Amino acid sequence: MTSHAFDTTLAGASCPFMPVFGAPQVMFVRGSGTELWDVNGKRYLDFLCGLAVTSLGHSHPAITEAISKQAATLIHVSNFFTNDAATTAALTLRELLADATGQQGQVFFCNSGAEANETALKLARKFGGRGRHVVVSAFGSFHGRTLAALAATGQPAKHEPFQPMPEGFRHVPFGDLGALSAAIDPTVSAVLIETVQGEGGVLPADPEYLRGIRALCTERGMLMIIDEVQTGFARTGRWFGFEHSGVVPDVVTMAKAMGNGFPVGAVWARNEVAGVFQPGDHGSTYSGTALATAVVSAVIAQMKMIDAPALAARRGVYLRDRLSALPGVADVRGQGLLLAVELAGGRDAKAVYSELLERGLVTNAVTATALRLAPPITVSEAEIDEAVALIAGVLG
Ligand SMILES: *Cc1c(COP(=O)(O)O)cnc(C)c1O
């Protein structure tokens, strides 16, 4: 690769970053729509979107304008006050969730997916009350890197270096309703679930499984918390992943695409659930900054304008059909524009990922044998054709 000019400065102890991410592969300097350029001027197609984040593409003019305008007007006040951007965004989000759930609810803004889940976990504990604090989640899930979100994450290997984990978490096999039911006892206050396990390998939950969880939660008075951090905001072809199964969650956590790259997250809960929080129970200095929430409103407005859910569904079918036809592809799974390509013959996904990066296509090796593709929802059919040709070139 020619784009390693920074190798010497980004290796070992001379690297300014903590060594949590592994050696960076490319240094990017600019992006526009689906395209990225590295420090050497090489062009790439971005079929990862910063992990399902820049769903409207890089440097979207409406988002850039919202950031610039708000930055020049008001960035932040404290939560002793509100601001018009946060109020507008909260009302917009509330309406979006009311449309998706048929329920009225309230929102809390935060800065990331992990924080959104932390908030939901605290809400579940407050809702359950003393002695009823356990949250059940699935093996293979991913809920974030802060300590409680990590404890909820069903990946024991990620827990190991940080034992002991916070208490009150239980994991069950993903997709097995019987196992979930057996794990419920009077100490359980909530079930936390993804509608598609993103980091776990792009594994969509069976709609029947989700409906079963809903029924179980209703029957036992537990909260159904859906983690829409990766699936939310049109990525799967609906505004939220849960809409595919028709389940109505009690709590929804969001982040990633809701800021198109600007750090922001949110938790929504139906009124009766949100109302268990009292002043002082939770907070964040940066909850609902004018700048972050102006971006949220701009993202939602833009997504509505282009009918992003329908577009993601349409482009998803287009991409999926072309990928499925390639020799070297065993299977394509996922929803909308959150897809995984299972490579034939157990081919090494990391090697394919590296070769694609070399040829100018950004993807992600989500498992040892599968590539994750999450292009911007604004991706054109011509860009999809170009990406599929690159993939065909490497696999063929
Ligand atoms: C990315 C992700 C998170 C964590 O979000 P951060 O913003 O990185 O903290 C949580 N849940 C899911 C499903 C995710 O994909």
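Helix α11 (residues 308-324) packs against helix α13 (residues 381-395) at an angle of about 25 degrees, and their axes lie 10 Å apart. Helices here are DSSP runs of H or I with at least four residues, strands are runs of E with at least two, and both are numbered from the N terminus. Axes are lines fitted to C-alpha atoms over the stretch in contact, with angles taken from 0 to 180 degrees between N-to-C directions. The angle therefore makes α11 roughly parallel to α13 (under 35 degrees is roughly parallel, over 145 roughly antiparallel, 65 to 115 roughly perpendicular, and the rest oblique). This is a predicted model, in which local features need pLDDT of at least 70 and side-chain atom pairs count only at pLDDT 80 or more, while totals for chains, interfaces and linings use all residues. Residues are numbered from 1 along each chain as its sequence is written, and side-chain values use heavy atoms, leaving out hydrogens and water.

Now look at the residues between these two helices. From α11 come R315, Y318, L319, R322 and L323, which meet E381, I384, D385, V388 and I391 of α13; contact means heavy atoms within 4.5 Å. By class, this contact has six nonpolar, no polar and four charged residues (Ala, Val, Leu, Ile, Met, Phe, Trp, Tyr, Cys and Pro count as nonpolar, Asp, Glu, Lys and Arg as charged, and the others, Gly among them, as polar).

Helix α13 also meets helix α12 (residues 349-359): their axes come within 10 Å and cross at roughly 130 degrees. That angle makes α12 oblique to α13. Here V352, E355, L356 and R359 of α12 touch L390, I391, G393, V394 and L395 of α13. The classes in this contact are six nonpolar, one polar and two charged.

On a 1 Å grid over the protein atoms alone, a pocket is an open set of points with protein on both sides within 12 Å along at least five of seven lines, a cavity is a set where a 1.4 Å probe fits but cannot get out, and lining residues have an atom within 4 Å of a point. Points are joined across faces, edges and corners, and a volume is the space filled by probe spheres set on them. Of the 33 residues lining this pocket, N79, V107, F108, F109 and S287 are the closest to its centre.

Finally, the whole structure holds one cavity of 30 Å³ or more.
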